[in-house]
Amino acid sequence: MKKRVLAAAIAAMCLVGTVPVSVVPITGVAENESLEQVAANKEPDKKDTITEFGTGGTWTNPEDYDFILKNMTLNDVIELSIKSDTVVLKWSDFTDYKGEDISSESSLWEKEWTFKIDDVYTLIVCGKTDVIFPDHVYLSDNSKRRIDICTDDVKAFLNKGIGEDSLSISDDIKEHFRVYETYSDENTKPERRLVQDFKSIIRYYNVPVRFVFTEYDNIDNILASAYATKKYYVVEQHDGTLQCYNEHLKEMKSNRQTIKNGETVTLPYLDIPEKAFERFNDPDFVKKYISPNVNVKNVYYLSGESSHMGTAIYYRTDKGDYVYYNHYSIGEKLFPIEDFCKYQKAISDELAKHSDENGSGDIDISDLMDLSKYELKNVAASSENIKGDANCDGQVDLSDAVMIMQALANPNKYGIEGTAEHHLSEQGKLNGDMNGDGLTVGDAQSIQRKLLGLDETDSNQNIDNSEYLFGNEPSGSVMTPQRLALNCNSFCANGETLNVKMLMGDKYTYNQEHNSYPNYDSEGYPEYSIFATENFNKIDDERLIINGKQSEFTKTFSKDDMKSLDISQKEGDYSSYYNDTAEIDFSNYTSGSTGCISFRFGWKADGENPLNPKSDFTGTSQTMYFYVGENGTGISINGAEAAKKAYDEKSDIDIMFYDSPYVKWNDKEVMSNLYEKVRKPNDEVLPIIFKLSSSPNGNFEYKGKTLEEYGKERLSQNYLKYEQLLIYGDYLKYGEDIYKTGASDGTKWVKEFYEETIDDIGEELISKYIVGGEFLKDKLEADIAELKKKANDAYNEAEKAYLKSISDKAIKQLDKQNIKYEYKTDPKRLVIYVTADEFKSLTIDNVSRYGLDTSVANGLTVDAVF
């Protein structure tokens, strides 16, 4: 949004009582040169006409003199828009251009001039002529879209995308609503501190919902229309109150009042339905009510008078556009955009038919349109959406992983449009997508890990959520010590071979101290092999040529080679991996062929393999998919469809098949998505997140004790006497009678055991919980719980102090290196902005891993920038 000083405020200072007789100078005309002289000097046979214009100045509009006035161009409009950033445009800013007065004859003081730019665009200037500033300067196109060039983005309008969504609030506007103070003391230099922040802020478009959705069927045209004249900012404070500001950031106060609990209460400036606002602020709304796998691109909050035309929340998603609608007559509904437009048009048509008898605006169209199918239904919780159930048989087992692999490897047979009797369905595709990034090989692997009980668990329970620099790190899925990564191009032209760089190693291969290989059977050897596969199984495919061999190629290593495979302490550092190159020839395949190739590396045992009794091989593998077209071959890790896309694009991108989520790069452990950026550096500014290592330093001191000492106080041995008493209390309450006559249940101790137990627990502790022959068991249990809680609380407090100390240190290191960063929410994290070169030289202590924050590109809100 562009900033503009209110024209009305300035105009109030510039009113004139009468129309002045002074002439506004025309560009190219000397101040003392008459119009007649200008005409005589240039084309003496033509005459002038005088037309009153604007501010009471006179616009000399020589209609017959094209050499004096010029045609308005889009570049002129852009320049005028830029000018309006610093000054308010005047009527005189338009006197150099050819225009047409289309004002109503009945209005002496309201003027409207149009300047035709081309066959598509027209500039419209309108307002009162008794002031020097027009009220509006509109740029309009032939589809009735228009904007005010003084407040809106002209270039975006020309690019057909003029509407900022309701969450894309600029940093400048956010800062306007924050309160800071300057803090300093004798030990601290003056610094600016945030003392009051808002909870949320949205852009609110005030539009007549029924009218706009009757006339337009997409948000771009709605926001560019004459209906969208008012935009507000709704700021939610932490106490739940809502404040409204206009587009110039002036707070809008309401004059409406009501009586509540016997007191007069001022109503909010905007009537915002509580339920609609709650839906808008639910980040998972579309996943709950549209699809678990839908992704929101933009969201727009639209409302006129909620009691009349209702509130609409417009969701632009990767699965089409949807509108949530809240109106007192029908409650909450969720429509695809096409159906919502039909609904509003049906209302408008019926109101037009019955306008005389239905002035209130309520109309029943239940006979014309079934609204029940637009009820909010939580599809994410639907029983038919079983995560992992790719074949939709109501359960998750290995057949679901097989279904995914079949559909990826052979979509013509097993894909959604496949010819096989049992092929993938749309619902199965949704169910099989385990992480929301589309159906990939990783989903089949996730299902297998789930069946093996290897699901990742939440280790974040003891982390304070107020911290930004600590939290869960995603764990890798690699379960063997062997590592294998691949590097190749995504497209291989006809007549060329695909060169695949293989990077491999074993992190437990070689014991340097003992010159041995302790993890392997002595009767065996490492090897790698490359072969054609289908549905996890090796097949003979003589069309596939690998290093000159048909269908399969294998290379074995000797014991002497194993030192070169050792990557212990170097895992993820690809420069330390053993590397080899495989040449793949696809020239024997016909156009339209698809398939997959397995690359396998590990330990091959001659006999029984102690590491993997079910097989003679222990290791890891990568699967490469290919699609052969007329001009070459596309390559992907994500299935045959992705390989075909790579062929269609023919972009020849350098791609990696990673062995782990993490890679070591310049002494930093980075996630593979970030490594993709830094391994081919450019001047791009990267949004990078990082987490500090939460492994505690036992020597850290807090309130006179070390963190290690706090930890020891939590150990169960400190409560051993209490827990012994909890076990034996029901018998110790009998005193010496327990070994003389025994307990009521017949239990009888020997004297020696009784005396040893008294010594172990201590008479003082026993006398506290055994009083008058009664064992106060409930009190003892409560006291044990309280003691443990105190010890845990003390440790957590000390640990939090430690984590804060190292996070403060990290922030100081960022400031010292002049690194821009910002705090983000959902989830909380700190994002730094650096180029690859800046990141290479960055030093921060205690960082566990760095990763690329991919959500920044999706427009998540920023809480604070430093």
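Visitor: In which sense do strand β10 and strand β15 pair, and over how many bridges?
Guide: This is a predicted model. Strand β10 covers residues 200-206, and strand β15 covers residues 296-303. Y204 stands opposite Y301 in β15. The pairing is parallel, over three bridges.

Visitor: Which strands stand at the edges of the open sheet of seven strands?
Guide: The order is β12-β11-β10-β15-β16-β17-β18, with mixed pairing. An edge strand has a single partner strand, so one side of it is left without a neighbour in the sheet. That holds for 242-246 and for 331-336. The edges are β12 and β18.

Visitor: By how many degrees are neighbouring strands of this sheet turned against each other on average?
Guide: The sheet is open and has seven strands. Direction is ignored in the angle between neighbours. The average is 25 degrees.

Visitor: Which helix lies across β16, β17 and β18?
Guide: The strands in question are β16 (311-317), β17 (320-327) and β18. The helix spans residues 337-353 and runs at about 120 degrees to β18. It is α10.

Visitor: Are α18 and α22 roughly parallel or antiparallel to each other?
Guide: Helix α18 holds residues 720-732, and helix α22 holds residues 777-816. Their axes come within 10 Å and cross at roughly 170 degrees. Angles over 145 degrees count as roughly antiparallel. The two helices are therefore roughly antiparallel.

Visitor: What is the handedness of the crossing, left-handed or right-handed, where α18 passes α22?
Guide: Two packed helices are described by the angle between their axes and the distance between the axes. Handedness is given too: α18 passes α22 in a crossing that is left-handed.

Visitor: How many nonpolar, polar and charged residues are in the contact of α18 with α22?
Guide: From α18 come Y722, E723, L725, L726 and D730. They meet K777, L780, E781, I784, L787 and K788 in α22. By class, the contact has six nonpolar, no polar and five charged residues.

Visitor: Is N666 buried, partly exposed or exposed?
Guide: Most residues other than glycine have a negative phi. N666 has a positive phi, near 50 degrees. Its place is in the loop between β32 (662-665) and β33 (668-671). With a relative accessible area of 36%, N666 is partly exposed.

Visitor: What is the relative accessible area of N818?
Guide: N818 is not a glycine, yet its phi is positive, about 55 degrees. N818 is found in the loop between α22 and β39 (820-824). Exposed means over 50%. N818 is exposed, at 69%.

Note on methods
Residues numbered from 1 in each chain as written. Predicted model: local features only at pLDDT ≥ 70, side-chain atom pairs only at ≥ 80, totals over all residues. Heavy atoms only, no water. Axes fitted to C-alpha atoms, helices over the stretch in contact; angles between N-to-C directions. Helix = DSSP H or I, 4+ residues; strand = E, 2+ residues; numbered from the N terminus. Parallel < 35°, antiparallel > 145°, perpendicular 65-115°, else oblique. Left-handed = near helix turned anticlockwise from the far one by under 90°. Contact = heavy atoms within 4.5 Å. Nonpolar A, V, L, I, M, F, W, Y, C, P; charged D, E, K, R; others polar. Pairing = 2+ DSSP bridges. Buried < 20%, exposed > 50% of the residue type's maximum accessible area, 1.4 Å probe, protein only.
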